[in-house]
Amino acid sequence: MKKPVIDFDECVGCGSCVEICPEVFELNEDDNKAYVRAEDKCDTCDCGEAVDVCPTEAITLAGE
Ligand code: SF4
């Protein structure tokens, strides 16, 4: 199973990934970065869409 990983240096806190998949991603209001809150939920939605929508390519999928 692939798991989304966020590169915090690249994330600009746009919130697009959270909009697409709020079960997996959440935005931290303190540092305005996206975090993976439940990586095992990515079976229920297409994290590939979050990868595609991220404007800075901060999201990658790791593992199998
Ligand atoms: S879509 Fe990319 S830049 Fe936007 S909040 Fe998510 S990880 Fe950060």
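Q: How many helices and strands does the protein chain have, and in which order do they run?
A: Helices (H or I, at least four residues) and strands (E, at least two) are DSSP runs, numbered from the N terminus. In this predicted model, the protein chain has two helices and four strands, and from the N terminus on the elements run β-α-β-β-α-β. Local features need pLDDT of at least 70 and side-chain atom pairs count only at pLDDT 80 or more, while totals for chains, interfaces and linings use all residues. Residues are numbered from 1 along each chain as its sequence is written.

Q: Which residues make up the largest nonpolar core?
A: A nonpolar core is a set of buried Ala, Val, Leu, Ile, Met, Phe, Trp, Tyr and Cys residues joined through C-beta atoms within 7 Å, where buried means that 20 or more other C-beta atoms, placed from the backbone, lie within 10 Å of the residue's own. Here the largest such core has twelve residues in all, namely Cys11, Cys17, Cys21, Val24, Phe25, Ala34, Cys42, Cys47, Ala50, Cys54, Ala58 and Ile59. Of the 64 residues of the protein chain, 20% count as buried.

Q: Which residues are closest to the ligand, and which classes form the shell around it?
A: A residue is near a molecule if its C-beta atom, placed from the backbone, lies within 6 Å of it. The ligand is surrounded by 15 residues, the closest being Cys11, Cys14, Cys17, Ala34 and Cys54. With Ala, Val, Leu, Ile, Met, Phe, Trp, Tyr, Cys and Pro counted as nonpolar, Asp, Glu, Lys and Arg as charged, and the others, Gly among them, as polar, the shell has eleven nonpolar, four polar and no charged residues.
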